[in-house]
Amino acid sequence: MTCEFTLEHYRELLEAAKAGGYRWAGFERAPEPGDLLLRHDVDLSLTAAVAMAEVEAEVGAWSTWFLMTRSVFYNLASPEGERAIAQLRALGGRIAHHAVWPHVDLDESFEFEPIVAWHNPEPAYMNERIGGATNVMTAPWFATDNYRSDSNQHWRHGCPHEPLARGEFEWLQLLIHPEIWVYEGRTMGETMRSFLDADREARLEHLRADRIDLE
């Protein structure tokens, strides 16, 4: 098994969690022993989010999807955005808010109990409580030994699939960015260029659908 950032290895990671006896959990209650709080910050691509959610559904997993209302890459109010939210929910996902400091934009798009994770947070506010909402980077949902992230296509403590398979974590909040796993690239730079290539093709299709003459 190679710890590449691919959907194939993501499936293996989920299977490892199942082998380790973990159960899927959300942020509506405090973590309990054996919980895997699977979290996705969707920074760039709703298409990648849906592709990853399909893998989770095949494995029998579910997760919490943190979506941005102030993204420069996607629009939740567009037909594409509304369709993606519906697909993520249909595949078992829960919808939460990926907020851009200092704005918290909670509406009917999100779950009844508001759950928030900051986008690219600064230490000054990352672990601060948010009035009327749960900040997933506060206790009891966050603890250094019970948190792993793939940010910038890098595991600070190594890929967690083996520790998960051995049941080494009492519980774990696992942050996965779908773009990193869906688009190809050995480095973050390569992966982002793969995303931009795919995004360009998608935008060309949008232009054609808008009856723009591209000849």
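A residue is termed buried if its relative accessible area is under 20%, exposed if over 50%, and partly exposed in between, with a 1.4 Å probe and protein chains only. Trp181 is buried by this criterion, because its relative accessible area is 2%. The model is predicted, so that local features need pLDDT of at least 70 and side-chain atom pairs count only at pLDDT 80 or more, while totals for chains, interfaces and linings use all residues. Residues are numbered from 1 along each chain as its sequence is written, and side-chain values use heavy atoms, with hydrogens and water left out.

Rings of Phe, Tyr and Trp (its six-membered ring) were paired if their centres lie within 6.5 Å, with planes under 30 degrees apart counted as stacked, over 60 as edge-to-face and the rest as tilted. This rule gives 11 aromatic pairs. One of them is the edge-to-face pair of Phe5 and Trp181, at 4.9 Å centre to centre and 70° between the planes. Phe5 lies in the segment before helix H1 (7-19) and Trp181 in helix H6 (residues 178-182), so the pair ties together parts 176 residues apart in sequence; helices (H or I, at least four residues) and strands (E, at least two) are DSSP runs, numbered from the N terminus. Both Phe5 and Trp181 are buried.

Trp181 also pairs with Trp155: the ring centres are 6.3 Å apart and the planes at 65°, so this pair is edge-to-face. Trp155 is in the loop between strand S7 (147-149) and helix H5 (161-165), 26 residues from Trp181 in helix H6. Trp155 is buried, with a relative accessible area of 9%. Ring pairs join Phe5, Tyr10, Trp155 and Trp181 into a cluster.
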